[in-house]
Amino acid sequence: MATLEITTQIGCRNACTYCPQDVLLREYKNRGGIFRMTPQIFKECLDKIPGRVKIDFAGFCEPFLNPDCIEMYSYAYSKGHVIKIFTTLTGMKPSDVKLLERKQPKKILVHLPSSTGNEKIKIDESYLQVLDMLLRSKINMEYHSDGNEVHPEIQKLVNKEVRVCRTINRAGNLETVSGLKTGRIKGRMACSRGLKINVLLPNGDVVLCCNDFGMKHVLGNLLVSDYKHLFSGEEILRVRRGLKDDTMDILCRYCEKFGRKVILGMRFKP
């Protein structure tokens, strides 16, 4: 199902070592526009999104670093979208948890701090209070840590198995973590997501996917065009041609997570 991920602001103070924020900041500055999404911009963009499209508060930044995140969530909820929230809990307030208990998303996926400090997630009284409220709630929750086991103090509180996710190279955008190699997929290929899980930025731009930190493929801008245009415009057509023609330079060629080589005679189902 098509999904639009919401990046509520540009710049994330969590500074995860496996998140190429420097690449995003550099390219976004070149494009121009506001760095923090406003409820007005969000509503204007969301009103162009069909109700069948899922909304994920995720993207390139911790969503709750934007103090208006819960207002934007409430609006998406009122429009009937299926919603997931991907959060480190940084910036989330007790009042946010109470609203989420009343207006529950399909799932909240909590990114917990790792044991080796790969993130600057501040474990303070506010963080622990919000985590405790979520643990006691009836919200559908899932917990994970990236690259390493979860911080032992937090593991004791969660008291359940936490999924550890493998660090990926962000389609060649990540060079700060040693040991990650950037290969290039040759021949005919496909995207396991069908190119339909895209990311909305605060200025209305929509980029190809959650690996496009360098804004290599800007599909359009929802402040000036409609949602349908994202999948019929020049840029998405160029990406589709690039899946067949490996002489073209597209981000997908370097994607180790969602890029798939198509073998002749075998049908690929995204």
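**Close-up views of helix packing, a pocket and a cavity**

Pro39, Phe42, Lys43 and Leu46 of helix 2 meet Glu71, Met72, Tyr75 and Ala76 of helix 3, where contact means heavy atoms within 4.5 Å. The model shown in these views is predicted: local features need pLDDT of at least 70, side-chain atom pairs count only at pLDDT 80 or more, and totals for chains, interfaces and linings use all residues. Residues are numbered from 1 along each chain as its sequence is written, and side-chain values use heavy atoms, with hydrogens and water left out.

**View 1. Helix 2 against helix 3.** Helix 2 covers residues 39-46 and packs on helix 3 at an angle of about 25°, with the axes 10 Å apart. Helices (H or I, at least four residues) and strands (E, at least two) are DSSP runs, numbered from the N terminus. Axes are lines fitted to C-alpha atoms, for helices over the stretch in contact, and angles run from 0 to 180 degrees between N-to-C directions. Helix 2 and helix 3 are therefore roughly parallel to each other; angles under 35 degrees count as roughly parallel, over 145 as roughly antiparallel, 65 to 115 as roughly perpendicular and the rest as oblique. Their crossing is right-handed, meaning that the near helix is turned clockwise from the far one by less than a right angle.

**View 2. Tyr75 in helix 3.** Tyr75 is placed in helix 3. Leaving aside neighbours within four places in sequence, Tyr75 is in contact with Phe42, Lys43, Leu46 and Asp47. Tyr75 and Phe42 are 33 residues apart along the chain, and their C-alpha atoms are separated by 9.0 Å.

**View 3. Helix 3 against helix 4.** The axes of helix 3 (residues 69-78) and helix 4 (residues 94-102) come within 11 Å and cross at roughly 5°. The two helices, helix 3 and helix 4, are therefore roughly parallel. Helix 3 contributes Ile70, Tyr73, Ser74 and Tyr77 to the contact, and helix 4 contributes Asp96, Leu99, Leu100 and Arg102. These residues divide into 5 nonpolar, 1 polar and 2 charged.

**View 4. Helix 4 against helix 5.** Helix 5 (residues 125-136) packs on helix 4 at an angle of about 15°, with the axes 9 Å apart. That makes helix 4 roughly parallel to helix 5. Pro94, Val97 and Lys98 of helix 4 make the contact with Gln129, Val130, Met133 and Leu134 of helix 5.

**View 5. The largest pocket.** About 1,000 Å³ of space lies in this pocket. On a 1 Å grid over the protein atoms alone, a pocket is an open set of points with protein on both sides within 12 Å along at least five of seven lines, a cavity is a set where a 1.4 Å probe fits but cannot get out, and lining residues have an atom within 4 Å of a point. Grid points are joined across faces, edges and corners, and a volume is the space filled by probe spheres set on the points. Of the 38 lining residues, Phe86, His144, Asp146, Arg170 and Lys257 are the closest to the pocket centre. Strand 3 gives the largest share of the lining, 3 residues.

**View 6. The largest cavity.** This cavity holds about 120 Å³ of space. Among its 15 lining residues, the closest to the centre are Cys191, Leu195, Leu208, Cys209 and Cys252. The lining divides into 11 nonpolar, 2 polar and 2 charged residues.

How values were computed
Ala, Val, Leu, Ile, Met, Phe, Trp, Tyr, Cys and Pro count as nonpolar, Asp, Glu, Lys and Arg as charged, and the others, Gly among them, as polar.
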